[in-house]
Amino acid sequence: MAIESGLDALRLKPRAVVSMGGEDLVVYVLNDRGRIVNTYSGNKCASGTGEFLRQQLGRMNLKLEDIDEVCAGAGVHRLSARCSVFMKSDCTHRLNKGEARKGDIALSLSKVMADKVAEFLTKAKISAAGWC
């Protein structure tokens, strides 16, 4: 009800809303009247959540507001995206061995999250043309 009321108040009519909260990633699918008709949620792993991203940025002394600047000129590195423990280890290992810079890790984490959102929107049958 909160999502529906918020969208009504803002006069928004998206096909889906993505929540990247503290413990899960959830896609809420909406009908043309702005009402939730289905949800798709992640597994129990926190690797694709907003809180996980915030924690990993914090470990590098970065904030969400720093991402644009720190990612300028950065490259994406492959990270173990199935498990937050493995992903955290990948980030730490690459930084400690000098295989990646903070910007590379921040960009790589952002890509993992974007890929998870795209996967969930695909499951929800929301086409790329409907993304905003």
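Me: How many residues lie between S2 and S3 in their hairpin, and what is the phi of Gly34 in the turn?
Reply: This is a predicted model, where local features need pLDDT of at least 70, side-chain atom pairs count only at pLDDT 80 or more, and totals for chains, interfaces and linings use all residues. Residues are numbered from 1 along each chain as its sequence is written, and side-chain values use heavy atoms, with hydrogens and water left out. Strands are DSSP runs of E with at least two residues, numbered from the N terminus. S2 and S3 form the hairpin with five residues between them, and Gly34 in the turn has a positive phi of about 80 degrees.

Me: In which sense do S2 and S3 pair?
Reply: Two strands pair if DSSP finds at least two bridges between them. S2 covers residues 25–30 and S3 covers residues 36–41. Val26 stands opposite Ser41 in S3. Over five bridges, the sense is antiparallel.

Me: Which strands are the edge strands of the open sheet?
Reply: The sheet has three strands in the order S1-S2-S3. An edge strand here pairs on one side only. The edge strands are S1 (16–20) and S3.

Me: Is Gln56 buried or exposed?
Reply: Gln56 is in helix H2, residues 50–59; a helix is a DSSP run of H or I with at least four residues. Buried means under 20% relative accessible area, exposed over 50%, partly exposed in between (1.4 Å probe, protein chains only). With a relative accessible area of 3%, Gln56 is buried.
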